[in-house]
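Subject: Structure for your review

Dear colleague,

My findings follow directly after it.

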Amino acid sequence: MNHVPVLSNELISGLAIRPGGLYLDATLGYGGHTQLILAAAPDVKVVAIDQDEQAIASCKTSLADYSSNIQFWYGNFADYQPKNLEFDGIIADLGINSVQLDTPERGFSFRYDAQLDMRMNQQQTITAAEIVNHWEEAKLANIFYTYGEERLSRRIARKIVERRPFETTTELAEAIAHSVPRKYRYGRIHPATRVFQALRIEVNQELSSLETFLKNAPNWLKTKGRIGIISFHSLEDRLVKHGFRDSSVLQVLTKKPIQPQDNEISTNPRARSAKLRLAEKLS
């Protein structure tokens, strides 16, 4: 699977990984960060969480050499309960991974003609198609504005309601493109980009899950344990920034977020919007 973990050197360095330490990867994905944690010091163990069964199945194969040092947990990180475990470090790499984005049948991207799905957890019932085809216009506009920061949200929602039902990603993207002014249609990004982000966030309840995780995770750390979270858009980054700052048990280590160097962006363009924030559990 071709997923390149972003800000890897900065994250591993920031965690200050200890020999024999126990770490939580709250967003396993295709295992890039977990593998680096396991290789960073002797006798390290990782609890690895993901709500995508395909990702966990893939990692059970790709990380088979570390099988005795990994415990997999299937589900949303907002629902995880460590029971009596305390971690030396916790990481989360938010949002969608490259494999999900590049798998047409998952329906995350309008670059492929596919069913409107967008579920990270394939067991859940609500899909992007359900939202687009059945939710009222005002609710759609609010989602596009709030989660996509789309200034033409009302105009786009109106066109969607007029032209629905939609079955595929490309049908929806085309309708969005034709609902905006011509100059907007041929801008720096495709006019459907923000709407697709908003739908994905709504389908997967990404921001509410992140809020819950930010409240819980600091309490799972050992004293001097560290937490590092990588975000990819301003909505996530704002929550992480305030979650760290407002926590009574954390000391913020990054006044400003760490961003990728030019050489990383040149080899992995999807890293360009990544931001890493780090904090440490107070004694």
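Thr254 is buried, its relative accessible area being 7%. Please note that this is a predicted model.

**Thr254 and its surroundings**

Thr254 belongs to the loop that runs between strand 6 (250-252) and helix 13 (262-267). Its side chain comes to 2.9 Å from the backbone nitrogen of Leu278. When neighbours within four places in sequence are set aside, the residues in contact with Thr254 are Leu276, Arg277 and Leu278.

Lys255 is located in the loop between strand 6 and helix 13 as well. With a relative accessibility of 84%, Lys255 counts as exposed, whereas Thr254 is buried. The C-alpha atoms of Lys255 and Leu278 lie 9.0 Å apart in space, and the two residues are separated by 23 residues in sequence.

**Salt bridges**

How many salt bridges does the model contain? The count comes to 11. Several of them are described here.

Arg106 and Asp52 are joined through their side chains by a salt bridge, with an N to O distance of 3.0 Å. Arg106 is in the loop between helix 4 (98-102) and helix 5 (128-134), and Asp52 is in the loop between strand 2 (45-50) and helix 3 (53-62), so this pair ties together parts that are 54 residues apart in sequence. Are the two partners buried or exposed? Arg106 has a relative accessible area of 2% and is buried; Asp52, at 1%, is buried too. The cut-off applied is a relative accessible area under 20% for a buried residue.

A further salt bridge links Glu206 with Arg200, and here the closest N and O atoms are 2.8 Å apart. Glu206 is buried, with a relative accessible area of 12%, and Arg200 is likewise buried, at 11%.

Lys224 and Glu280 also form a salt bridge, in which the closest N and O atoms are 3.6 Å apart. Because Lys224 lies in strand 5 (residues 221-231) and Glu280 in strand 7 (residues 275-281), the pair ties together parts that are 56 residues apart in sequence. Lys224 is partly exposed, with a relative accessible area of 43%, while Glu280 counts as buried at 10% relative accessibility.

**Packing of helix 6 and helix 10**

The packing of two helices is described by the angle between their axes and by the distance between those axes. For helix 6 (residues 137-148) and helix 10 (residues 193-204), the angle is about 95 degrees and the axes are 8 Å apart. The two helices are therefore roughly perpendicular to each other, since angles of 65 to 115 degrees are placed in that class.

Which residues make this contact? Helix 6 contributes Ile143, Phe144, Tyr147 and Gly148. From helix 10 come Arg194, Val195, Gln197, Ala198, Leu199, Ile201 and Glu202. Sorted by class, the contact of helix 6 with helix 10 has 7 nonpolar, 2 polar and 2 charged residues.

With kind regards

Definitions and conventions
Residues numbered from 1 in each chain as written. Predicted model: local features only at pLDDT ≥ 70, side-chain atom pairs only at ≥ 80, totals over all residues. Heavy atoms only, no water. Salt bridge = Lys/Arg side-chain N within 4 Å of Asp/Glu carboxyl O. Helix = DSSP H or I, 4+ residues; strand = E, 2+ residues; numbered from the N terminus. Buried < 20%, exposed > 50% of the residue type's maximum accessible area, 1.4 Å probe, protein only. Polar contact = N/O pair within 3.5 Å; in protein donor to acceptor, adjacent residues only side chain to side chain. Contact = heavy atoms within 4.5 Å. Axes fitted to C-alpha atoms, helices over the stretch in contact; angles between N-to-C directions. Parallel < 35°, antiparallel > 145°, perpendicular 65-115°, else oblique. Nonpolar A, V, L, I, M, F, W, Y, C, P; charged D, E, K, R; others polar.
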